[in-house]
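These are my notebook entries on a structure that I had not opened before. I record what I looked up, in the order in which I looked.

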Amino acid sequence: MNPVWHIYKRELGRYFHSPIAYIVVVLFLLITGGMFWASFFEGFPELSMRRFFGDAPLFLGFFAPAISMGLLAEEKRSGTLELLMTMPVSDLQIVIGKFAAAMTLLAVTLAFTTPYAFSIGTMGDLDWGPVIGGYAGLLLLGGSYVAIGMMASSWTREQIVAILIGFFLCFVLFILDRLFTNSTGLVAQTAEYLSSNYHFQNIARGVIRLSDVLYYVSVIGICLTVTRNALASRRW
Amino acid sequence: MTESAVSVEVHGLTKLYGDVKALVDVDFTVHAGEIVGLLGPNGAGKTTTMKILTGFLGATRGSAKVCGFDVAENSMEVRRRVGYLPETVPLYEDMVVYDYLKFVANMRQVPSGEVHSRIKETADVCGLSHMAGRFIREMSKGYRQRVGLAQALIHKPEVVILDEPTSGLDPNQIIEIRDLIKEIGREKTIIFSTHILQEVAAVCDRIIVIKGGSKVADGTVAELDRRVRSEERYTVTLAPTGSESPSGDVVREKLAALGGVEHVDLLSSSAAEFAFLVRSGRGVDIRHDVFQLATDNGLALLGSERARLTLEDIFRSLTGDADKLEADLRGRASASSSAEEAA
């Protein structure tokens, strides 16, 4: 069978045995859930997931680097990367298998938040378009952040360094459009286009545009390529 | 060993880390079925050589072929044929032995129907059968080493590369791992590195000595011994038997006059005995002449012993620690003479 599959399974197994993964998932669910329900019952309840989709991107910026920090840094630290890289598997297959495993954990975690939507849905007429869009957006955004976190993880053997670089890059992408609100013209447009949150808010409105999807796919593609090259650079 | 197919072929292999020369123009060939020891001081380039052979590192210059495939151009073909145990013994701590070996077997493309039986077989060979359900993080160093070895063998590779497979083990474990290497070596080509010399003598068909990134010697233990031994050294101990017996200096001159003797040092001299370090040309045996000299001069011959070069001596002579080696050999000679004296 394909080596990507074996790497994927191995990586999921690692999450399953790792207290860090449980802690991070639980924290993410507690914080986003707590904030969502707190604001939901505060004042007049609003039958939408807007609050959740407003907060989640920021917390994904913490969550994604936390689940991806160990993907390569840990293999480098323990020396198992040497094992992997001398097996008949390409660098890209290693990267894809690991990315897919982190994405699975992300998807499972997000799936745990869908009861919020279903419970609101029982209270009244929920507009499902933005909800579906929002989740698609979270997966794309989260995917980009996971890819960024994995890239950071390929640059160091220390998980803590990886997570800090990951936080930093995710956060910069997240607030980029807000950094340039006073600018106009090309600078503002560029900042807006590069901002991860800007594209997310577009999708979370329920309108899935190709350009927004393309943005995330590009970020993921670029980061995975850089990651692969970071691995391959050992052979130069 | 056999002059069979070439298994590993290295030409002009050079690896630079910036300005640091880890390997410089290393050439060697290993035939199928040979057990070859890579010997050298720490930092000599043994590990770098192995990392290049397994495709983990790229060479700066030169080429390396394993089973006819170039490690750079045909990395996947090489990786399929090589089993590798890095010095760090990379294991996934969070897995149990069985799962770890299963992961490696799968990644190494062992047919899925055979995975289970292959794990059993390899675990048996490596003495791990009763440990299959144990978490790797709970295992002792010796067992971790075995898991590492099992990992390197599970896909029945043609070439097995082991980087210091016995480091950090206790003496019993070292012997077990050595026996295991010999056992494996019946069918496979093995290259392993070590800085433990007895290991080389115990296990290897051939030794390649690396120093400062260059190959300094390549051959069997006997060949290396011959190469290093440029002279014979004898410790001669004589005792005066009466008042007419000559003095130490006179004896020294007489010894120096013997055929083939190049140099004589008086190591110790007392009223009871004289000890000398006598050096002669390679292959010259002076012991008969010494005996004759003793009887002719009324001396008692207490000892006449040819100094043996140990593997350590060979190693140190090859790796350039010659001055210290010289001092040591002298020290050893006088120690043996004074030990006799004490006795």
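Into which domains is chain B divided? I found domain 1 (6-219) and domain 2 (227-342); such bounds come from an automatic or database domain assignment.

Before going further I noted the conventions. The model is predicted, so I keep in mind that local features need pLDDT of at least 70, that side-chain atom pairs count only at pLDDT 80 or more, and that totals for chains, interfaces and linings use all residues. Residues are numbered from 1 along each chain as its sequence is written, while chains are lettered from A and ligands numbered from 1 in the order in which they are written.

**Entry: confidence**

I looked up pLDDT, the predictor's confidence in each residue, from 0 to 100. Chain B has a mean of 85, and 91% of its residues reach 70 or more. Among the elements of chain B, helix α3 (residues 97-107) has the highest mean pLDDT, 95, and helix α12 (residues 322-342) the lowest, 61. Where pLDDT is low, the predicted coordinates should not be read in detail. For the complex, the predictor gives an ipTM of 0.89 and a pTM of 0.81.

**Entry: chain A**

I counted elements as DSSP runs, numbered from the N terminus: helices are H or I of at least four residues, strands E of at least two. Chain A has 12 helices and 0 strands. Along the principal axes, the C-alpha atoms of chain A fill a box of roughly 60 × 45 × 30 Å.

**Entry: where the chains meet**

The contact between the chains takes 20 residues from chain A and 20 residues from chain B. On the side of chain A, α1 (3-17) and α5 (80-85) each supply at least two residues, and the largest share, 5 residues, comes from α1(A).

**Entry: the two domains of chain B**

The centres of domain 1 and domain 2 of chain B, taken over C-alpha atoms, are separated by 44 Å. In chain B, 11 residues of domain 1 are in contact with 7 residues of domain 2. On the domain 1 side, α7 (197-203), β9 (206-211) and β10 (214-219) of chain B give two or more residues each; α7(B) gives the largest share, 4 residues.

**Entry: a sheet in chain B**

I counted two strands as paired if DSSP finds at least two bridges between them. An open sheet of 4 strands in chain B has the order β12-β13-β11-β14, with antiparallel pairing. Why is one side of β12 and of β14 in chain B left without a neighbour in the sheet? Both β12 (261-269) and β14 (299-306) stand at the edges and have a single partner strand each. The twist averages 20° from one strand to the next. Strands β11 (residues 231-240) and β13 (residues 274-281) of chain B pair over 8 bridges, and V278(B) in β13(B) is the bridge partner of Y234(B).

Two helices lie across these strands. Angles run from 0 to 180 degrees between N-to-C directions, with axes fitted to C-alpha atoms, for helices over the stretch in contact. Helix α9 (residues 248-256) of chain B lies across β11, β12, β13 and β14, at about 160° to β12(B). Helix α10 (residues 287-296) of chain B lies across β11 and β14, at about 170° to β14(B).
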